Amino acid sequence: MPWTKVLIDDEDLKTALRKDGLRVTTYVNALNEAHRQLLDADPAVYVIGEGVDDPGGVFGSTRGLLAAYGPDRIMDIPIAENGLTGIALGSALCGMKPIFVHMRQDFLPMCMDQIVNHAAKWHYMTGGKCSAPLVIRALAGRGWGSAAQHSQTLHGIFTAFAGLKVAVPATPYDAKGLLIAAVRDGNPVLFCEHRWLYGFEGYAPDGMYEVPFGKAVVRKPGTQVTIVAVSLMVYEAMKAARELERLGVSAEVVDPRTIKPLDRAAIAESVRKTGRLLVADTGGVHSGISAEITAGACEDAFSFMKAPPARIGLPDCPTPAGAELEKAFYPGAADIVACALRLVR
């Protein structure tokens with residue numbers, strides 16, 4: 001299916017989509033289009049966040065929205081994350097549907113009280129009589145030596161809190177469809193985007209559609225090792241799978257798309273087939289989502305495993321600033337290949 005395709009080079013674009021005349025767009029343009037269609041469809045939707053009205057528009061994702069919808073619906077804010085998250089939450093409880101944009105996940109911890117103790121709890125504490133349709137776009141990523149305080153990926157932490165959903169879209173199709181689903185969900189959603197995905201191209205329809213939460217997708221079928229890849233690591237896993245194929249190893253790549261809810265059934269089904277599990281995450285290994293995915297697979301498919309599960313992610317130390325140190329800090333396709341070979345041999 002075109003929406004399951006992960007395109008890792010120009011040849012993929014030519015063979016997978018353009019030969020069939022399918023619409024190709026970038027991840028960031030898919031996000032921008034989702035905003036416009038949500039704003040058009042529902043007057044309760046508005047966008048708030050630092051720099052959402054700038055000409056750059058949060059790396060292009062909100063570009064042009066101010067001119068189209070005005071300052072009552074596209075609101076720039078001062079750097080006061082906790083207070084502004086509370087204001088967005090209050091408006092959600094009053095019937096609005098805010099999309100709150102955090103340009104860096106690193107500053108989400110300042111909003112933990114509003115997100116964890118309030119937004120995530122209202123639906124439960126009121127017996128379902130009140131909900132908080134608050135979507136928080138939380139951008140993560142690395143590059144240009146952003147170092148320890150501006151390059152963290154914290155999505156795994158937020159899966160620990162009941163009442164909060166967490167999306168990690170990797171493709172343009174999922175970025176648009178999951179954002180629309182998140183705004184329509186009716187309860188708080190943390191929508192985690194890796195900035196390095198913004199320029200990636202793929203198929204996305206021009207109309208409105210939703211991608212359901214809790215439904216993983218197999219990006220590439222295989223028989224010898226399951227690679228569960230999160231966010232940007234989906235592309236690294238696809239590159240690795242291509243190299244593994246060349247080396248005679250058949251890898252299956254599974255993209256969970258949302259990590260809360262997590263599609264444990266799809267992961268277990270794949271592990272039962274391949275007998276081996278490798279989890280590749282953009283976040284830290286220690287207490288990260290890779291630990292939860294691994295634990296779930298062990299509970300669901302342990303008797304089928306032919307080798308101990310393995311994980312790839314960030315080491316348990318702050319991100320270095322130097323270019324050469326960054327290269328060593330961030331894992332990629334070569335690390336996945338090496339780890340997969342250890343599992344199968």
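Student: What volume does the largest pocket have?
Tutor: Keep in mind that we're looking at a predicted model. Its lining takes in 23 residues. As for the space itself, the largest pocket comes out at about 390 Å³.

Student: Which residues lie nearest the centre of the largest pocket?
Tutor: Helix H7 (155-158) and strand S13 (277-284) each put at least two residues into this lining. Among the 23 lining residues, the ones nearest the centre are Gln152, Thr153, Leu154, Gly283 and Gly284.

Student: How many residues in the lining of the largest pocket are charged?
Tutor: Let's go class by class. Ten of the lining residues are nonpolar and eleven are polar. That leaves the charged class, and its count is two.

Student: And the second largest pocket: which strand gives the largest share of its lining?
Tutor: This pocket has a volume of about 180 Å³. Its lining includes Phe100, Val101 and His102, and by class it has eight nonpolar, one polar and three charged residues. The largest share, three residues, comes from strand S4 (residues 97-102).

Student: Is Asp9 buried, partly exposed or exposed?
Tutor: Asp9 sits in the segment before helix H1 (10-17). Its relative accessibility is 29%. Buried would need under 20% and exposed over 50%, so Asp9 counts as partly exposed.

Student: What distance separates the C-alpha atoms of Asp9 and Glu201?
Tutor: Along the chain, Asp9 and Glu201 are 192 residues apart.

Note on methods. Residues numbered from 1 in each chain as written. Predicted model: local features only at pLDDT ≥ 70, side-chain atom pairs only at ≥ 80, totals over all residues. Heavy atoms only, no water. 1 Å grid on protein atoms, 1.4 Å probe; cavity = no way out; pocket = protein on both sides within 12 Å on 5 of 7 lines; lining within 4 Å. Points joined across faces, edges and corners; volume = space filled by probe spheres on them. Helix = DSSP H or I, 4+ residues; strand = E, 2+ residues; numbered from the N terminus. Nonpolar A, V, L, I, M, F, W, Y, C, P; charged D, E, K, R; others polar. Buried < 20%, exposed > 50% of the residue type's maximum accessible area, 1.4 Å probe, protein only.
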